[in-house]
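Subject: Structure for you to look at

Dear colleague,

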Amino acid sequence: MTAPPIASGRVLPTLNEDGSRNWIRPRPSPGRWWRRRQVVAYLLMVVFIALPHITINGHPAFLMSFPKREFHLLGWTFLPTDTLLFMLFLFSTIIGIFLLTALFGRAWCGWACPQTVYLEFLYRPIERLLEGGYVGSRNLDRERKFFTPRRLLKYAIYAVISLVLAHTFLAYFVGVDELAVWMRRSPWEHPTSFMVMALTAIAIWYNFTYFREQTCLIACPYGRWQSVLLDRQSLIVAYDYVRGEPRGKPATSPDAAAKQGDCVDCKACVTTCPTGIDIRNGLQMECVHCTQCMDACDAIMDKVGKPRGLIRYSSQEALAGKPKRLVRPRTVLYPLAFTLAFGTMLTLLFTKESADVTVLRGLGAPFSEEEDGRIANQVRIKVANRGSDEARYRIELDGATGGRVIAPENPLVVAGGEVRETSIFVLLPREAFTNGAREVTITVSDGARFTTAVPWRLQGPSGSAAPATSPAPDTPEGTP
Ligand code: SF4
Ligand code: SF4
C-alpha cells in the first residue's frame with residue numbers, strides 16, 4: 001500500500017504537514033490594545049446575557065420568534081406582512097457591514113465577533129489558569145496529554161459555560177418565559193426542544209474546546225469576503241515593512257545597526273497570534289485584526305529602545321507612503337445605498353398603520369350550496385395588532401344585503417403585538433351573483449385610530465341576475 005501524500009509546507013496554521021492538528025496556544029500580550037478589547041468584550045458579554053431580559057413596550061428588546069413568526073427589535077415589531085421592511089433592514093445591515101469593512105477593515109472580527117470575544121476573554125483565560133499558562137498547555141499538547149485531571153476539569157467548566165451560552169442564545173428565539181418553561185419541564189415532556197438545547201450547547205462546547213480558530217480560518221465566510229470588501233486605503237493591522245526590514249537580531253556595531261531595520265526577529269508577534277500566522281508576511285486572510293501582535297511588538301520596541309508602532313493600524317497605501325483618501329468609490333456608494341435603504345425603512349416604519357388586515361378565501365371549495373339553495377362563502381380575516389395594547393376590531397360587510405352574515409367572533413380581540421384570525425360566513429341567494437361573482441367591501445375598525453376597507457369578491461354559480469345593492473353596511477350575526 002502506498003503511503004498517503006504529505007503536503008509540501010504547511011497549508012493551514014492549524015495543520016501540521018502530516019495532517020495532524022497544530023494546536024495554537026497564543027502567548028498573552030497584555031498591552032494597551034488588549035486592555036481596551038477586554039473592556040469591550042466584557043461589556044458585550046453583559047449585553048448578550050441581559051438583552052433577552054429587557055423589555056420595551058411590553059416586548060423583549062430582541063426576539064426573533066419563529067413559532068409566532070414575529071421579530072421584536074428595540075420596541076418595533078416586525079410581522080410576516082413586513083417582508084419589505086425586513087428585507088430593507090437586512091439590506092441596510094449588509095451594506096453597513098460593507099461600509100464598516102471598507103473603512104475599518106476587520107474591526108468586527110477582532111473586537112466584537114462572539115468567536116473572538118468568548119474564545120480570547122473567557123475560554124482561553126480559564127485554560128491558562130488551569131493548565132499553567134500557555135506554556136503548560138503547549139507542554140500538555142507536546143506530550144499528547146488530552147485527558148489529565150486538569151484538562152477534564154477544563155472540559156467540565158467549558159460544558160457549564162456552553163450550557164449557559166446555549167440557553168441565552170435560544171432565549172433570543174423563544175423568549176425568556178418560554179425558555180423558563182423548557183428548563184422546568186422534564187426532557188421526556190418536550191424531547192424536541194430539549195434536543196435543540198442539547199445540540200446548541202454541544203455545538204458551542206465543540207467550537208470553543210476543539211474547533212476554535214478554525215472557525216475563522218475555514219468556516220467563516222466573512223474572512224473570505226475581505227479580499228473584495230477591503231481596498232488599499234482600508235484600515236488594517238499591518239507590519240511596517242519599510243521600517244522593519246531588513247530584520248535581524250540587534251546589531252552590535254553602529255554600521256551594522258544603520259543598515260538594519262527595526263524588526264529584531266524575536267517572533268513575539270507570531271507566538272501571540274491566535275490564528276498562528278506571521279503578520280510580517282503581509283495582509284492575510286487568516287488575520288482577524290485582533291491587535292495582539294501590535295501589543296507584543298510594542299513591548300519589544302520598548303525593550304530595545306525603538307519607537308512603538310512597527311506593527312500598527314495602517315493601510316496598504318499608507319505603508320507604501322501614499323496619502324490617505326477618505327473619498328473613494330466604495331466610501332461614497334455604500335453610504336448612499338445605506339441611506340436609501342435605511343431611510344426608506346424608517347419612513348415605512350413610522351408611517352405604518354397600527355394594524356394589518358389580510359383577507360383570505362376559506363379553505364377548500366370556493367363556495368358551497370346550502371340545502372335551501374343559498375350560496376355560502378367562507379372568508380378568513382387575519383388581523384395583526386402592531387400596537388402594544390389589546391384592541392377590539394369590529395368587522396362589517398357592505399354589499400351583502402339580502403343575505404346573512406355569520407361572524408363567530410365580532411369584535412375580534414387581539415392582544416398587543418399579536419396576530420389573530422377569524423372566519424366569517426356569507427350566505428346569499430343564488431340570484432345575488434353576476435357571472436359567478438358578487439363584489440362586497442369588508443371593513444375592519446378598532447373604533448379609534450384604525451379603519452380599513454378591503455374590496456372583496458364573493459364566489460358563486462355563474463349565469464344569475466344581480467339584485468340591487470344596499471348602501472348600508474351589514475352587521476354580521478354573532479355580534480355580542
Ligand atoms: S514582534 Fe516586532 S520585532 Fe518581534 S518579530 Fe514581530 S515585528 Fe519583529
Ligand atoms: S496577525 Fe496580529 S492582528 Fe492578525 S490575527 Fe495575528 S495577532 Fe491578530
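Please keep in mind that this is a predicted model. In total 16 residues surround ligand 1, and the closest are Cys263, Cys266, Ala268, Cys269 and Cys297. When the residues of this shell are sorted by class, 11 are nonpolar, 1 is polar and 4 are charged.

Ligand 2 is surrounded by 14 residues, of which the closest are Cys273, Ile279, Cys287, Cys290 and Cys293. Its shell has 9 nonpolar and 5 polar residues, but no charged residues.

The other part to look at is a pair of helices, H4 (residues 114-131) and H6 (residues 149-174), which pack at an angle of about 155° with their axes 10 Å apart. Why is H4 described as roughly antiparallel to H6? Angles over 145 degrees count as roughly antiparallel, and therefore the angle between these two helices makes H4 roughly antiparallel to H6. The crossing of H4 and H6 is right-handed. On the H4 side the contact is made by Leu122, Tyr123, Ile126, Glu127, Leu130 and Glu131, while H6 contributes Arg150, Arg151, Leu153, Lys154, Ile157, Tyr158 and Ile161. By class, this contact of H4 with H6 holds 8 nonpolar and 5 charged residues, and no polar ones.

Definitions and conventions
Residues numbered from 1 in each chain as written. Chains lettered and ligands numbered in written order. Predicted model: local features only at pLDDT ≥ 70, side-chain atom pairs only at ≥ 80, totals over all residues. Near = placed C-beta within 6 Å. Nonpolar A, V, L, I, M, F, W, Y, C, P; charged D, E, K, R; others polar. Axes fitted to C-alpha atoms, helices over the stretch in contact; angles between N-to-C directions. Helix = DSSP H or I, 4+ residues; strand = E, 2+ residues; numbered from the N terminus. Parallel < 35°, antiparallel > 145°, perpendicular 65-115°, else oblique. Left-handed = near helix turned anticlockwise from the far one by under 90°. Contact = placed C-beta atoms within 7 Å.
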